[in-house]
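Subject: Structure handover

Hello,

Here is the structure for you to take over. My notes on what was found in it follow below.

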Amino acid sequence: MNIHEYQAKSILRQFGVPVPAGIVAITSKEAVNAAKQIQEATGTGTWAVKAQIHAGGRGKGGGVKIARTVQQVGEYADEILGMTLVTHQTGPGGKKVSKVLIEQGIYYEGEAKVREFYISLLLNRSTGRNIFMYSTEGGMDIESVAAKTPHLIFQEEINPSLGFQPFQARRISYNLGLDGEAFKRMTKFLTALYDAYIGADASLVEINPVVRTSDNLILAADAKINLDDNALFRHPDYAAMRDISEEEESEVEAGKYNLNFIKLDGNVGCMVNGAGLAMATMDIIKLSGGEPANFLDVGGSANASTVEAGFRIILKDPNVKAILINIFGGIVRCDRVAQGVVDAYKSVGNINVPVIVRLEGTNAKEGKSLLDKSRLKVFSAVSLQEAADLVKSSF
């Protein structure tokens, strides 16, 4: 589950990770009041006004501005609130901004005396161990750093039996070129960050940048945290942070039916049982000249009602020109899937795109018989290649 920057920083605070003072606002008036509160508490004379959306690259898109007066805070909040912010992660449609984070300025003696680092924690899937990824090139797209100067990206792998060790925190701090008070504070920062990653059941914690201020404070100037959906039952307070307005509407609806659905930008909708078969089906669609419009795994407990729900969700995408249903009946019975297709056809009404159905495995013959007797405009396929050919001919 993705969360906003201000929510991520609230979690970091719980684990003792130093972050700038900040208050979220939904109006320019609230933003001005927040700036005054932060000034009283910290004595700051500058503020960052930051758009809160589930995407990176906000600064380049005009979603982050530095204010030097309280009046400017209100003006910048007015500009950002309600804007459609387009970044390299939002796509051309962008995202509408409904909240801003007002935060204390941390570049109080100019950028020349400030250093920025990149630090993230995630699972290295090739080894099954958590790793710190870090670089001296903070504040930049880490992908660009990896492409142009890969020697500036370091990794520190963590033994799950031992956890994050003090010598590892010192090694990271040394590789970042720190010494003195900043070195000590960075080691504490890293330890607290690891505690937050483990304690929050996060799948990713990314801080870009981590800032060493002119007076050697170490602060998380930005924060991105992805929470493991499967662990949210342990964190009802984190689950309450979910912002459905930031999520794809079709994915939210699919979640109500326990469907594993991800919207894509293609023209062929697909409904499959099993993630591996879904990936193979998407490959077949591409080889046939199409582009997958979604990933949809109906799971092992699919029945007629869940299949109908998946069918409806796919058909809401105006880009879909054909639908490929590819079911291998193991736990899932093919006749149940077929009944779901029939029910969806009758319920939805006029369906103007071709539907190709490939059923194989448990009760495949019964499923095909149901489709044939329905007299619906459904094309049955036996082999995967036959299904691909039918997809190709439907364009």
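Is Thr 127 buried, partly exposed or exposed? Thr 127 is partly exposed, because its relative accessible area is 41%. This residue belongs to the loop that links strand 7 (115-124) to strand 8 (129-135). Its C-alpha atom is separated by 37 Å from that of Leu 85, although the two residues are 42 residues apart along the chain.

Please note that this is a predicted model. The chain has a mean pLDDT of 89, with 97% of its residues at 70 or more. Confidence is lowest in strand 18 (residues 378-381), where the mean is 78, and highest in helix 5 (residues 166-175), where it is 98. Where pLDDT is low, the predicted coordinates should not be read in detail.

As for the overall picture, there are 13 helices and 18 strands in the chain. The C-alpha trace spans about 75 × 50 × 40 Å along its principal axes. Of the 395 residues, 48% are buried. Among contacts with a separation of 6 or more, 66% are between residues 24 or more positions apart.

Some local findings follow.

Helix 5 contains Gln 168. Gln 168 has a relative accessible area of 5%, so this residue counts as buried. Apart from neighbours within four places in sequence, Gln 168 is in contact with Glu 156, Glu 157, Ile 158 and Gly 163.

In helix 8 (residues 249-256), the buried residues include Ser 250, Val 252, Glu 253 and Ala 254. After helix 8 comes Asn 258, which has a positive phi, near 60°.

The last item is a pair of helices. Helix 11 (residues 334-348) packs with helix 12 (residues 364-374) at an angle of about 20°, and their axes are 7 Å apart. The two helices are therefore roughly parallel to each other, and their crossing is right-handed. On the helix 11 side, the contact is made by Cys 334, Asp 335, Ala 338, Gln 339, Val 341 and Val 342. Helix 12 contributes Ala 364, Glu 366, Gly 367, Leu 370, Leu 371 and Ser 374. Sorted by class, this contact has 7 nonpolar, 3 polar and 2 charged residues.

Regards

Note on methods
Residues are numbered from 1 along each chain as its sequence is written. This is a predicted model: local features need pLDDT of at least 70, side-chain atom pairs count only at pLDDT 80 or more; totals for chains, interfaces and linings use all residues. Side-chain values use heavy atoms; hydrogens and water are left out. Axes are lines fitted to C-alpha atoms, for helices over the stretch in contact, and angles run from 0 to 180 degrees between N-to-C directions. Helices (H or I, at least four residues) and strands (E, at least two) are DSSP runs, numbered from the N terminus. Angles under 35 degrees count as roughly parallel, over 145 as roughly antiparallel, 65 to 115 as roughly perpendicular and the rest as oblique. A crossing is left-handed if the near helix is turned anticlockwise from the far one by less than a right angle, and right-handed if clockwise. Contact means heavy atoms within 4.5 Å. Ala, Val, Leu, Ile, Met, Phe, Trp, Tyr, Cys and Pro count as nonpolar, Asp, Glu, Lys and Arg as charged, and the others, Gly among them, as polar. Buried means under 20% relative accessible area, exposed over 50%, partly exposed in between (1.4 Å probe, protein chains only). pLDDT is the predictor's confidence in each residue, from 0 to 100.
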